[in-house]
Amino acid sequence: MPFSDHYTPLTHHSRLGDEFYDVVQAATFPAHILRYRNDDVSPRIGLDTLTDAEWLRHFGYFDPLPGSLPQPLALRYHGHQFRSYNPDLGDGRGFLFAQLEDSVDGRVLDIGTKGSGTTPWSRGGDGRLTLKGGIREILASERLDAAGVRTSRTLSVVETGESLHRGDEPSPTRSCVLARLSHSHIRIGTFQRLVANEDRASLTRLVEYVIETYYPDLAGAADPAAALYDAATTRIAEMTAQWMTAGFVHGVLNTDNINITGESFDYGPWRFVPTFNPTFTAAYFDHSGLYAYGRQPEAMTWNVARLGECLLSLSTLEKIQSIFDDFWERYERFLDISVLNRLGLKEISRKSSTDLRECLFSFMDESQIGFEFPFFDWYGGEQSQKRAITGPRGDFYTQDSFRPLHDRIMQHEPARGVDLSQPYFHNGAACLMSVETVEAIWQPIAATDDWCRLHDAMRQVASMKAALQVHRTRDG
Ligand SMILES: Nc1ncnc2c1ncn2[C@@H]1O[C@H](COP(=O)(O)OP(=O)(O)OP(=O)(O)O)[C@@H](O)[C@H]1O
């Protein structure tokens, strides 16, 4: 038995019914070279005891995981892409491969793929993922997870020996297949498809399935659709706030990229902002800046409105409207909390938290200091003052524009557990994800198959995470 005691296969998907998916097969690849297995997360689902050869059987050749899905399922969905409705979406280069129980919290985790071959939803695409795309997924998901952002995790990347042609990068380029671990692969677009098809029975089924599988605390709610909308919008508001304080720009906030569990996923043209810049745009094809850093909260409000429309027929306009109307306030509340967390400060009152957040962002905007630095330099507030002012960025902190923020920081006590001998961000990790870094990781791999920099980056991410966990544990 290659699996550990923590291996608990599940088949919740079967409750959905075949209206929701198409049974598919993985492509046959010319090579299977294991490039990344995530043994930070694999123990939680009992896969850490697999040998590399066994791992490849499941995540390169896609032999089913025993007791879980017997065959891969390409999930059907629609979605708004850059605000235009597209009824021809669906898993075009991936599928739901398995469902397992998370041994840490008992929640259901889906394993989905990317680059595993064509499906009925490929629309002429090759069903493949570039190796560089796989590396970008690893970097974004693991870095965000280390920073405490709720995100999918990259479980595996296997290089598959094909030459791919892509218009947006030097071609031919190498191929891979990726496995992703996520709480649900149900998107806002999954709901939109059922509404577009006027399939009320399936919509009702979907709400039940999502509650049973991913939101069990909502079981027995008098109005399941409103309860789900309430819970999902709260999580989406929190995730959006976490992106903003992490300086993360997702790049493609279409409704098919928004998970009903409010978990960040699909890391294509993402970037981290170098400095506070609301107009910073990640995707080269986002010509109007619709999904620019500063417009992400607005984009998510728009997406949450689309989800609300989908649920209207199962609830009442009054309930759905009032939850929607609360979205912005929830988002701003999470933003305040997220800023306090990143600065290692205790809350005094809601008003002072909002003042602090506003002062911080206007200082960052005016000074154009590196995005991570104020969080790093002022972690723990007053305790850090001497170090910040005499440190390499001291000049920023003697400017007049810093005074209002300084005063607000000084009003706050450090949060419980803050320990300056362990600043939770060291500069290396903080600056890890510039575009230059991604290229610095990819170029030696492309040229000489030198993977050292990816391993170094993963070590930095792990140390950032370990330091953060020290604080989280101390904070209780
Ligand atoms: N190379 C490809 N071949 C076939 N379909 C593709 C390809 N690239 C993207 N698609 C499809 O185009 C749509 C939008 O792609 P997008 O990049 O948002 O999703 P993805 O990254 O493939 O998957 P996910 O959203 O699960 O991360 C999806 O339906 C996706 O399956």
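**Entry 1: Arg180**

I looked up the surroundings of Arg180 and found that Arg180 touches Gly112, Lys114, Ser152, Thr154 and Leu155, with residues up to four places away in sequence not counted. Contact here requires C-beta atoms, placed from the backbone, within 7 Å of each other. The model is a predicted one, in which local features need pLDDT of at least 70, side-chain atom pairs count only at pLDDT 80 or more, and totals for chains, interfaces and linings use all residues. I number residues from 1 along each chain as its sequence is written.

Arg180 sits in strand S11, residues 173-182. Helices (H or I, at least four residues) and strands (E, at least two) are DSSP runs, numbered from the N terminus. Arg180 counts as buried because it has 22 C-beta neighbours inside 10 Å. The cut-offs are 20 or more other C-beta atoms within 10 Å for buried, 12 or fewer for exposed, and partly exposed in between, with C-beta atoms placed from the backbone.

**Entry 2: Annotated positions**

I checked the UniProt record, an unreviewed entry, and its "binding site" annotation covers Gly90, Gly92, Arg93, Lys114, Asp126, Gly127, Arg180, Arg187 and Asp266. These positions spread over 177 residues of sequence and are also spread in space, up to 22.6 Å between C-alpha atoms. UniProt positions are in the numbering used here, feature names are shortened, and annotations may be inferred rather than shown by experiment.

The UniProt feature "active site", also from an unreviewed entry, is placed at Asp256. I located Asp256 in the loop between strand S12 (248-249) and strand S13 (271-272). Asp256 is buried, with 20 other C-beta atoms within 10 Å. Leaving aside neighbours within four places in sequence, Asp256 is in contact with Tyr77, Gly79, Leu89, Arg187 and Gly189.

Arg187 is buried, with 25 other C-beta atoms within 10 Å. Beyond four places in sequence, the residues that Arg187 touches include Tyr77, Gly79, Asp256 and Asn257.

**Entry 3: Domains**

I took the bounds from an automatic or database domain assignment. The assignment gives domain 1 (9-185), domain 2 (195-318) and domain 3 (430-476). The centres of domain 1 and domain 2, taken over C-alpha atoms, are 20 Å apart. I found 28 residues of domain 1 in contact with 26 residues of domain 2. On the side of domain 1 that touches domain 2, strand S5 (79-81) and helix H2 (131-146) each supply at least two residues. H2 gives the largest share of that side, 5 residues. That side divides into 10 nonpolar, 12 polar and 6 charged residues. Ala, Val, Leu, Ile, Met, Phe, Trp, Tyr, Cys and Pro count as nonpolar, Asp, Glu, Lys and Arg as charged, and the others, Gly among them, as polar.

**Entry 4: Helix H9**

I checked the length of H9 (residues 350-367): at 1.5 Å a residue its 18 residues should span 26 Å, and its end C-alpha atoms are 26 Å apart, which agrees. The expected span is 1.5 Å times one less than the number of residues.

I listed the buried residues of H9 as Ser353, Leu356, Arg357, Cys359, Leu360, Phe363, Met364 and Ser367. Seen down the helix axis, they fall within an arc of 165°, so they line one face of H9. The arc is that of the directions from the helix axis to the C-beta atoms. The face turned away from the buried side carries the exposed residues Arg350 and Lys351. Among the elements covering the buried residues of H9 are helix H8 (327-343), helix H10 (373-377) and helix H12 (403-411). Gln368 follows H9 and has a positive phi, near 55°.

How values were computed. Contact = placed C-beta atoms within 7 Å.
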